[in-house]
Amino acid sequence: MAVSNHFTAISSKFLKSSPPKTLFTNQQRILSKPQVKFNLSSRNPVHNLFCNANSFQKPSIQSLPYPNYNPVKNLFTGIVEEMGEIKQLGYAEDGGFEMKISGNVVLEDVKLGDSISVNGTCLTVTEFDKKESDFSVGLAPETLRKTSLIELVPGSRVNLERALLPSTRMGGHFVQGHVDGTGEIVSLEFEGDSLWVKVKTPPEVLKFIVPKGFISVDGTSLTVCKVFDDEECFNFMLVAYTQQNVVIPLKKVGQKVNLEVDILGKYVERLLQSGFTSNITPK
């Protein structure tokens with residue numbers, strides 16, 4: 001994996017740090033974003049990607065005052081609209097973590113506060129610049145803990161999808177952008193022009209994965225082919241077209257992928273655990 005030990009050490013420190021006790025006094029107060037700028041010439045670990053900017057004037061791009069505020073619930077289809085590229089990422093002076101991503105299709109009708117799925121993770125647009133064809137998102141510590149986004153480096157490709165509109169055709173399945181866990185690619189094998197991908201994942205995720213059922217892998221809606229309970233694995237197949245339009249084939253054995261299982265399975269488990277079925281009496 002293209003992740004340095006120093007990056008991991010810095011990330012661990014960030015993830016274990018306590019959040020600030022007070023972010024704002026009331027919801028009407030406007031918080032200005034910290035005065036930071038990206039070190040555009042650097043491809044070093046995250047802590048070197050930002051530099052001090054005492055006299056730095058922010059460009060005339062649109063931005064949100066607070067990066068992690070998103071009261072709107074969204075839904076995706078798992079049909080990737082385009083592959084973007086990580087331009088910069090790093091820590092801001094307030095301790096937050098930000099990513100700048102290049103894109104075109106997802107910026108066509110973008111607004112501040114919109115949600116975009118980045119490798120299957122629902123993230124809020126905090127800044128965008130259509131002239132530069134990029135947008136920024138903020139990442140919370142919990143997001144870094146639960147997803148594979150922590151492995152990204154400048155130049156990494158990512159799957160991008162805008163949130164579903166009422167007029168959008170439902171081409172995949174219901175994807176919330178709430179990652180349930182990560183899986184590890186254990187094999188990549190070609191059969192003709194199709195690619196078999198086998199992924200290992202913890203039992204708490206695997207129990208919701210069924211043959212011929214839906215699974216979101218890095219935000220891509222896919223059909224599960226087989227489940228290998230004894231190996232704690234499942235597999236799926238990518239046709240040639242899909243291979244050219246999603247990031248999964250770009251990854252190597254040992255790398256992580258974000259997984260979101262079909263929400264229907266989680267609802268069923270919740271109902272069974274609550275004793276709902278015991279209250280149903282046959283007529």
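Biologist: Leaving aside neighbours within four places in sequence, with which residues is Glu 108 in contact?

Modeller: In this predicted model, Glu 108 is in contact with Lys 130 and Arg 162, once its neighbours within four places in sequence are set aside. Contact here requires heavy atoms within 4.5 Å.

Biologist: Where does Glu 108 lie, and why is Glu 108 called exposed?

Modeller: Glu 108 is placed in the loop between strand E5 (97–102) and strand E6 (115–118). Its relative accessible area is 57%, and exposed means over 50%; therefore Glu 108 is called exposed.

Biologist: What distance separates the C-alpha atoms of Glu 108 and Ser 133?

Modeller: The separation is 9.7 Å, for two residues 25 apart along the chain.

Biologist: Why does Glu 232 count as partly exposed?

Modeller: Glu 232 has a relative accessibility of 30%. Buried means under 20% and exposed means over 50%, with partly exposed in between; Glu 232 therefore counts as partly exposed. Its position is the loop between strand E14 (226–228) and strand E15 (233–238).

Biologist: What makes the surface patch that includes Glu 232 one of negative charge?

Modeller: The patch gathers Glu 204, Asp 229, Asp 230 and Glu 232. Asp and Glu count as negative, so the patch is one of negative charge.

Biologist: What describes the protein chain as a whole?

Modeller: Its secondary structure comprises five helices and 16 strands. Of its 283 residues, 42% are buried. Among contacts between residues at least 6 apart in sequence, 70% join residues at least 24 apart. The chain exposes about 16000 Å², with carbon and sulfur atoms supplying 53% of that area.

Key
Residues are numbered from 1 along each chain as its sequence is written. This is a predicted model: local features need pLDDT of at least 70, side-chain atom pairs count only at pLDDT 80 or more; totals for chains, interfaces and linings use all residues. Side-chain values use heavy atoms; hydrogens and water are left out. Patches are made of residues with over 30% relative accessible area and no salt bridge: like charges are joined within 9 Å, nonpolar side chains (Val, Leu, Ile, Met, Phe, Trp, Tyr) within 5 Å. Accessible areas come from the Shrake-Rupley method with a 1.4 Å probe; for residues, only the protein chains shown count as cover. A salt bridge is a side-chain nitrogen of Lys or Arg within 4 Å of a carboxyl oxygen of Asp or Glu. The place of a charge is taken as NZ of Lys, CZ of Arg, CG of Asp or CD of Glu. Helices (H or I, at least four residues) and strands (E, at least two) are DSSP runs, numbered from the N terminus. Buried means under 20% relative accessible area, exposed over 50%, partly exposed in between (1.4 Å probe, protein chains only).
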